Amino acid sequence: MTAAVQLEDVACVFGSGASAVRAVDRVNLTIDAGEFFTLLGPSGSGKTTCLRMIGGFTLPTAGRIRIGGADVTLAPPYARPVNTVFQDYALFPHMSLRDNVAYPLMVRGVAKAERLRRAEELLALVQLPGVGDRRPAQLSGGQRQRVALARALVGQPQVLLLDEPLGALDLKLREQMQSELKALQRRLGITFLFITHDQHEALSMSDRIGVFNAGRLEQVGTPQAVYDTPATRFVAQFVGAANVLDGETARRLTGHAAAMLRPERIRLAGSAGNAQAAGTVAEVQYFGAFTRVKVDVGGTLLQADLPSDAGGGAPEAGRSVQLHWDARAVHALGA
Ligand code: ATP
């Protein structure tokens, strides 16, 4: 099977000399056709630059980019079989929604009747049938983002690039759009390359995730692999909450030089014989579905996320507790 997108030793440096910024640093990545792939990383880690190089808006300073097997490293955006959805929608305010969606087809010279038919089809696909006459200002943020999606899909790109498309939406709407986007991608079978700094979004939507840090890809894997077996301590701490243990504490509690233990894997021990650690509760935070308890274990704070419905309720600050975890919950980290 031909890969949808391949990056080979791709780098992008902005500026030169002492002020040079290495935004993307020799990235190698293969995205399969039909995959929902997410680039996840903090602000400034190089995700957008990577996406812009695939879209053709920024040229790499080194390396090669292939789409569907063809080398497009230096090709202009319009000559690439990709399209991009941005966070700010970028709809034309003076045009009807139908004309907005049909616009890319007009630029390509598709006949009017055909492009309007396709625009209506796409508006129905993103669950906005019958609103073609309206203008962007008459829609909510979520609806505008759906129109932007329809416009990006109307030209049938091989790969759809999505740059934090849900970032401007409130939480409820974002969650709804997440499942809609995922369902749409499954139905169309188009490769989606999605960018976010939100770990929940990445975990819940993606077939695979690439975690970016300081211009480098630190790990590529399924959501489960990235969460359960992070390749580096950065990935451990960026994707989900983590107790990262080092030195003497790590050796004593886990037998490793450095290790990660997810807070939800820690429980209160029923008996001393069943405990891996003992300590004093330093802080308790109620989150509804779970209660976050920080326990001082010999000077190291261990965070445990306990189900809020656990019998007996959460312990209060100052109480001595014993903690239990399954040995399989411990993930050794490089020093
Ligand atoms: P965000 O989520 O904030 O968009 P990001 O992970 O997408 O962050 P990039 O926008 O790719 O990160 O930026 C990576 C680095 O490159 C940053 O240090 C940024 O300041 C720098 N950078 C990006 N574009 C340019 C540019 N046109 N000129 C100079 N530096 C740039």
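How many nonpolar, polar and charged residues does the shell around the ligand have? In this predicted model, the shell divides by class into four nonpolar, six polar and two charged residues.

**First stop: the ligand**

Please select the ligand together with the residues that surround it: Phe 14, Val 21, Ala 23, Pro 42, Ser 43, Gly 44, Ser 45, Gly 46, Lys 47, Thr 48, Thr 49 and Glu 164. Colouring by secondary structure will show that β2 (21–32) and α1 (47–55) each contribute at least two residues to this shell. The largest share, three residues, belongs to α1.

Next, display the side chains of Ser 43, Lys 47 and Thr 49. A polar side-chain atom of Ser 43 is 2.6 Å from an oxygen atom of the ligand. For Lys 47, an N or O atom in the side chain lies 2.9 Å from a ligand oxygen atom, and for Thr 49 a polar side-chain atom is 2.5 Å from one. The ligand taken alone exposes 630 Å², of which the protein buries 57%.

**Second stop: the largest pocket**

Select Tyr 78, Val 82, Asn 83, Thr 84 and Pro 104, which lie nearest the centre of the largest pocket among its 24 lining residues. The space inside is about 640 Å³. The largest share of the lining, four residues, comes from β6. By class, the lining holds 16 nonpolar, five polar and three charged residues.

Select Tyr 227, Glu 264, Phe 290, Arg 292 and Asp 305, the closest to its centre of the 13 residues that line it. Where does this pocket lie? Domain 1 (5–237) and domain 2 (242–332) both give residues to its lining, so the pocket lies between them.

Terms used. Residues numbered from 1 in each chain as written. Predicted model: local features only at pLDDT ≥ 70, side-chain atom pairs only at ≥ 80, totals over all residues. Heavy atoms only, no water. Near = heavy atom within 4 Å. Polar contact = N/O pair within 3.5 Å; in protein donor to acceptor, adjacent residues only side chain to side chain. Areas by Shrake-Rupley, 256 points an atom, 1.4 Å probe, with all protein chains shown as cover. Nonpolar A, V, L, I, M, F, W, Y, C, P; charged D, E, K, R; others polar. 1 Å grid on protein atoms, 1.4 Å probe; cavity = no way out; pocket = protein on both sides within 12 Å on 5 of 7 lines; lining within 4 Å. Points joined across faces, edges and corners; volume = space filled by probe spheres on them. Domains from an automatic or database assignment.
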